[in-house]
Amino acid sequence: MNVIGLMSGTSADGIDAALLEITPKKALPEIRLIQFLVRPFSAQLRERILRAADAASGATSEICRLNALLGELFAKTAALVTRRAGISLRDVALIGSHGQTIAHFPDAPVEHGVSVRSTLQIGEPSVIAERTGVTTVADFRPRDMAAGGEGAPLTPYLHALLFRHARRDRIVLNLGGIANLTFLPGGRGLRGLLAFDTGPGNVLIDGLVARLSSGQMYADLDGRIARAGQVNRQLLRFLMAHPYLKRRPPKSTGREAFGPLVIDALLHRAATRGITKEDLVATVTAFTAESVALHVTRDLPAAAVSAELITCGGGANNPMLITQLQEALPECRLLTASEAGFPGRAIEASAFALLAYLTAYGLPGNLPAITGASHPAILGKIVPGRAFRGLQ
Ligand SMILES: Nc1ncnc2c1ncn2[C@@H]1O[C@H](COP(=O)(O)OP(=O)(O)O)[C@@H](O)[C@H]1O
Ligand SMILES: [Mg+2]
């Protein structure tokens, strides 16, 4: 069956859409990527999303409006990816939409006698189903959270499908706004997986560059700014003391922990200590690499330090980040997802196509050992498409 996956990540750079052909098999489903594209957000829309996601400036009315607007844009992107593939939306069985994360609070403080975990992804699935006519599964994270999990990461199942190897240990490292890794022990199929967020991917780099350029630039494209700077060791030590790094998996994070507050602290330190903009960007880039390396050496089996490290996500295009990562993990063999057999930019969106498929077949999509949930759960909310005939 043809399934579309839609995703907009923490970076809020645009909507990723992947069109997959998924073939049920006795053991694991087989997937083939038919088409993939990214529909970038305008600078203005990106700014609006980031403001809505910032606890200090997000307004409920704005989140409400963005929910509907993003639903429309997700629907257009689904239509576009099918057009590019030369097929009709009528030939699409399902859409899986991750949405746009606005808030993610996996810690569970006790309030009114109950422990409350919460996460919010917007991009209204009713709009997607209405415009496309296709049954849409969305909101995958809250069910895992309701079952006691972090609601993240949800991509390891797909990572294992795509990249497990008969002999070699592999790590899939997604360098999105937040960085997350999946450890795939050689020869073990879906068993023995470990996965969690390691901390920032591009989120601090992007945030700093945007502030330093007064919004003229949104990322350190090709690592050009970092290349002109030197890593400030003292500042790097300050960053490495971030409490998220001390925690052990299962764990997940977001802009709440690596957002405006950290950026303000960095800019303040840079101003008082005369640290240049280039050194600042070089240092936060090194922070991403060092925080990944810390988790690989501390939280994975010892053999992981010489695993194959498959990089994906936008940060894989930042040569400074990749160089620093190789320096921090000298025994790992780095390769891109494309070199390992699947286009890196298509992975996250494909994961949500796969999750929609699993839900439609009544199969759980979370891996409790990874998210910390108390049981495997069928994830998501289903909005009926045009062909839906009720529960038969
Ligand atoms: N050529 C590049 N050089 C440096 N950074 C890049 C480049 N291309 C993409 N990026 C980074 O990747 C980010 C988008 O990555 P993505 O995987 O889509 O993250 P998310 O899942 O959070 O949306 C951009 O915001 C930018 O920081
Ligand atoms: Mg993105």
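Q: Let's start with a loop. Where is P250?
A: This is a predicted model. In it, P250 sits in the loop between α9 (243-246) and α10 (260-273).

Q: And what is the peptide bond from P249 to P250, cis or trans?
A: The bond from P249 to P250 is cis, with omega near 0°.

Q: What about the bond from A152 to P153, cis or trans?
A: The bond from A152 to P153 is cis, and its omega is near -10°. P153 belongs to the loop between α4 (141-146) and α5 (156-163).

Q: New topic. Which residues are closest to ligand 1?
A: The closest are G9, G176, G177, N202 and G314, out of 20 residues that surround ligand 1.

Q: How do the residues of that shell divide into nonpolar, polar and charged?
A: Three are nonpolar, 12 are polar and five are charged.

Q: Where does ligand 1 lie relative to the domains?
A: Ligand 1 lies between domain 1 (2-152 + 345-383) and domain 2 (156-331), because both give residues to its shell.

Q: Back to the backbone. What is the phi of A12?
A: Phi of A12 is near 50°, a positive value in a residue that is not glycine. A12 is in the loop between β1 (2-8) and β2 (14-23).

Q: Is A12 buried or exposed?
A: A12 is buried, because 23 other C-beta atoms lie within 10 Å, and the cut-off for buried is 20 or more.

Q: What about H112, buried or exposed?
A: H112 is exposed, because it has 5 C-beta neighbours inside 10 Å, and exposed means 12 or fewer. H112 also has a positive phi, about 50°, without being a glycine. Its place is in the loop between β5 (110-111) and β6 (114-115).

Key: Residues numbered from 1 in each chain as written. Chains lettered and ligands numbered in written order. Predicted model: local features only at pLDDT ≥ 70, side-chain atom pairs only at ≥ 80, totals over all residues. Near = placed C-beta within 6 Å. Nonpolar A, V, L, I, M, F, W, Y, C, P; charged D, E, K, R; others polar. Domains from an automatic or database assignment. Helix = DSSP H or I, 4+ residues; strand = E, 2+ residues; numbered from the N terminus.
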